[in-house]
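Thanks for coming. Please have the viewer open, and I will talk through one model.

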Amino acid sequence: MKVEDVKVVAQVGAGRMGSGIAEVVARAGFKVVLMDISVEALKFSIGLIRGSMGRLVAKGRLTERDVEEAISRVKTTTSLKEAAEEADIVIEAIPEEMELKKRLFKDLDALCPERTVFASNTSSLMITDLASATNRPDRFIGLHFFNPVPIMRGVEVVRGALTSKETVELAVEFCKRLGKVPIVVNDGPGFFTSRWFAAWAGEAFRLFEAGIAGIKEIDQMAKLCFNMPMGPFELHDMAGIDVQLHVMEYLYKETGDPRYAPPLILKKLVKAGYYGDRKYNPKSKGGFYDYFGIPKE
Ligand SMILES: NC(=O)c1ccc[n+]([C@@H]2O[C@H](COP(=O)([O-])OP(=O)(O)OC[C@H]3O[C@@H](n4cnc5c(N)ncnc54)[C@H](O)[C@@H]3O)[C@@H](O)[C@H]2O)c1
């Protein structure tokens, strides 16, 4: 399949990432079927998409008409069958759990047309392993978008052991149509970005635990001393403390490398229901700043 043949994209999982992906795909002119098991998540997602595009209208980068046209291309559903049956590409962004994702892909494999290409937005799970749940490992690829999707330009395109050349070419052209810059890498736990990022963030968590610097001070140093747009704690409050815990658990299990051993602070907050800022996850009690009672700037 060529990118010109792609008309309908099924976005499965309408959380932080699924909402952002659905937005950029709809804005690029594709029809989107946005599927989630939760009606509340779908409603929240449409609110996130409207809010995100509203900010672009305020900046003069989109018109109200663009927003309405993009929204009109997004259909929501809780039926996997409905999402699957017309999809040219399926993009999965459900929680970072191997068995959950494999079960979903097995079901999708039975429901989708032969031509449908499967993409996972997993942050760390091996694409080759996910693809083994289907009969189409050649039409299976990693499309690792970054948070917030409408803003971050890079997409890590992950080639599984059996991903075909055609599928890689389609994924690259599809990302370009979304206005993104695709960067192709080979499969492995955490690929490049999550492996490198977990080592960096893990060190910040451990230095906090060792009492070297506080949360606010670490975030300040990232911004003021290294010119990063956000510090590691702010970033996890946005991206999901639970997401990073899942990533580090998997990386540690697969590599045995102590750099990826999940720090206690991550486990403690997730067990206490602090998954990150409530602005991005209504099921969360809050993030690092809320738990430690640190005023946000
Ligand atoms: N948060 C990030 O910064 C980030 C960045 C890159 C990649 N990712 C990856 O993207 C994926 C999703 O992360 P997120 O932060 O959007 O998670 P999230 O928890 O915000 O959203 C997950 C959504 O999936 C839905 N869901 C659960 N099971 C489902 C099923 N069987 N079918 C359909 N929907 C289902 C949930 O109701 C929820 O709305 C994960 O694999 C994560 O590792 C996350």
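Start at Ser-120. Leaving out residues up to four places away in sequence, Ser-120 touches Glu-92, Lys-101, Phe-105, Ile-127, Leu-130, Phe-140, Ile-141, Gly-142, Leu-143 and His-144. Contact here means heavy atoms within 4.5 Å. Ser-120 sits in strand β5, residues 117–120; helices (H or I, at least four residues) and strands (E, at least two) are DSSP runs, numbered from the N terminus. Its relative accessibility is 0%, so Ser-120 counts as buried. The scale is this: buried is under 20% relative accessible area, exposed is over 50%, and partly exposed is in between, with a 1.4 Å probe and protein chains only. A polar atom of the Ser-120 side chain lies 3.0 Å from the backbone nitrogen of Thr-122. That is a polar contact, meaning a pair of N or O atoms within 3.5 Å; within protein, one must be able to donate a hydrogen and the other to accept it, and residues adjacent in sequence count only if both atoms are side-chain atoms.

Before going on, the conventions. This is a predicted model, where local features need pLDDT of at least 70 and side-chain atom pairs count only at pLDDT 80 or more, while totals for chains, interfaces and linings use all residues. Residues are numbered from 1 along each chain as its sequence is written, and side-chain values use heavy atoms, with hydrogens and water left out.

Now the ligand. How many residues surround the ligand? There are 23, and the closest are Asp-36, Glu-96, Lys-101, Ser-123 and Ala-239. A residue is near if one of its heavy atoms lies within 4 Å of the molecule. By class, this shell has 12 nonpolar, seven polar and four charged residues. Lys-101 is on both lists: it is among the residues closest to the ligand, and Ser-120 touches it.

The side chain of Asp-36 has an N or O atom 2.7 Å from a ligand oxygen. For Asn-121, a side-chain N or O atom is 3.0 Å from an oxygen of the ligand. Ile-94 takes part through its backbone, with an N or O atom 3.2 Å from a ligand oxygen. Of the 850 Å² of accessible area that the ligand has on its own, the protein covers 88%. Accessible areas come from the Shrake-Rupley method with a 1.4 Å probe; for residues, only the protein chains shown count as cover.

Next, some loop positions. Glu-97 is in the loop between β4 (89–92) and α5 (98–111). Its relative accessible area is 38%, so Glu-97 is partly exposed. Beyond four places in sequence, Glu-97 touches Leu-125 and His-246. Phe-140, which Ser-120 touches, is 43 residues from Glu-97 in sequence and 18 Å away in space, C-alpha to C-alpha.

Ala-28 lies in the loop between α1 (16–27) and β2 (31–35). With 25% relative accessibility, Ala-28 also counts as partly exposed. Apart from neighbours within four places, Ala-28 is in contact with Arg-177 and Leu-178. From Ala-28 to Asn-227 is 199 residues in sequence and 31 Å in space, C-alpha to C-alpha.

Then the backbone geometry. Asn-227 has a positive phi of about 60 degrees, although it is not a glycine. It lies in the loop between α9 (215–226) and α10 (232–239). Is Asn-227 buried or exposed? Exposed, at 70% relative accessibility. Phe-191 has a phi near 50 degrees, again positive in a residue other than glycine. Phe-191 belongs to the loop between β8 (181–186) and α8 (193–209), and with a relative accessible area of 9% Phe-191 is buried. There is also a cis peptide bond from Asn-147 to Pro-148, with omega near 0 degrees. Pro-148 is in the loop between β6 (140–144) and β7 (154–159).

Last, the whole chain. The protein has 13 helices and eight strands. Of its 297 residues, 52% count as buried. Along the principal axes, the C-alpha trace spans about 55 × 45 × 30 Å. Of the contacts with a separation of 6 or more, 65% are between residues 24 or more positions apart.

Technical notes
Nonpolar A, V, L, I, M, F, W, Y, C, P; charged D, E, K, R; others polar.
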